[in-house]
Amino acid sequence: MAQERSPSDLIETLAFGRIAFGVALMAAPALTSFGYLGREASRPSVRFLNRIFGGRDVALGAWVLLSRGNKEAYRQAVMAGMACDAWDAVAALTTKGAIPRFGKPLTAAVAGGAVAVAAMALRDLET
């Protein structure tokens with residue numbers, strides 16, 4: 001029988017995933033983003049921006065993990081990550097020609113899924 005995960009477990013899994021993705025974007029920006037950016041991923045400006053976004057994700061994930069034990073700081077860290085992910089989804093869906101056609105729904109789905117999971121976990125955590 002599978003053990004039920006707590007809301008904190010889900011939030012912290014997202015935080016670790018965010019950190020792992022951020023480190024990958026910083027260490028291998030073209031390789032990490034090839035799946036959703038295609039050949040554009042190897043452009044120097046794209047690699048630079050991926051490294052910036054990788055740093056953002058590492059910081060957001062670390063913020064969540066470091067704020068454990070302080071309910072308000074924890075909630076704020078989760079909300080900040082949700083806001084960034086929501087904006088990533090909007091940006092992906094509204095871009096025209098900047099990323100390959102399959103990159104739009106992929107990016108929006110991953111970002112939107114992270115928002116949904118974090119929102120449900122946060123709701124359950126606060127009840």
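A: Happy to. Bear in mind that this is a predicted model. Glu12 has a relative accessibility of 16%, and because the cut-off for buried is under 20%, Glu12 counts as buried.

The Glu12 side chain meets that of Arg68 in a salt bridge, with 3.3 Å from N to O. Glu12 belongs to helix α1, whereas Arg68 sits in the loop between α3 and α4, so the bridge ties together parts that lie 56 residues apart in sequence. Arg68 itself is partly exposed, at a relative accessible area of 44%.

Now to Ile11, which belongs to the largest nonpolar core, a set of twelve residues that also includes Ala15, Val64, Leu65, Tyr74 and Leu122. Helices α1, α3, α4 and α5 (103–126) each supply at least two residues of this core. Leaving aside neighbours within four places in sequence, Ile11 is in contact with Val64, Tyr74, Val78, Ala121, Leu122 and Leu125. As a general point, nonpolar side chains in soluble globular proteins tend to be buried together.

Ser8 is also part of helix α1, and at 22% relative accessibility Ser8 counts as partly exposed. Beyond its neighbours within four places in sequence, Ser8 is in contact with Tyr74 and Leu125. The C-alpha atoms of Ser8 and Asp124 are 9.1 Å apart, although 116 residues separate the two along the chain. Asp124 is partly exposed, with 37% relative accessibility, and its side chain meets that of Arg123 in a salt bridge (3.1 Å, N to O).

Helix α3 deserves a look too. Its buried residues, among them Val64 and Leu65, pack against α1 (7–27), α2 (29–37) and α4 (71–94). The 23 residues of α3 should span 33 Å at 1.5 Å a residue, which agrees with the 33 Å between its end C-alpha atoms.

Asp88 is partly exposed, at a relative accessible area of 21%. Through shared partners, salt bridges join Arg18, Arg56, Asp57, Asp85 and Asp88 into one network.

Notes. Residues numbered from 1 in each chain as written. Predicted model: local features only at pLDDT ≥ 70, side-chain atom pairs only at ≥ 80, totals over all residues. Heavy atoms only, no water. Helix = DSSP H or I, 4+ residues; strand = E, 2+ residues; numbered from the N terminus. Expected span 1.5 Å × (residues − 1). Buried < 20%, exposed > 50% of the residue type's maximum accessible area, 1.4 Å probe, protein only. Contact = heavy atoms within 4.5 Å. Core = buried A, V, L, I, M, F, W, Y, C linked by side-chain atoms within 4.5 Å. Salt bridge = Lys/Arg side-chain N within 4 Å of Asp/Glu carboxyl O.
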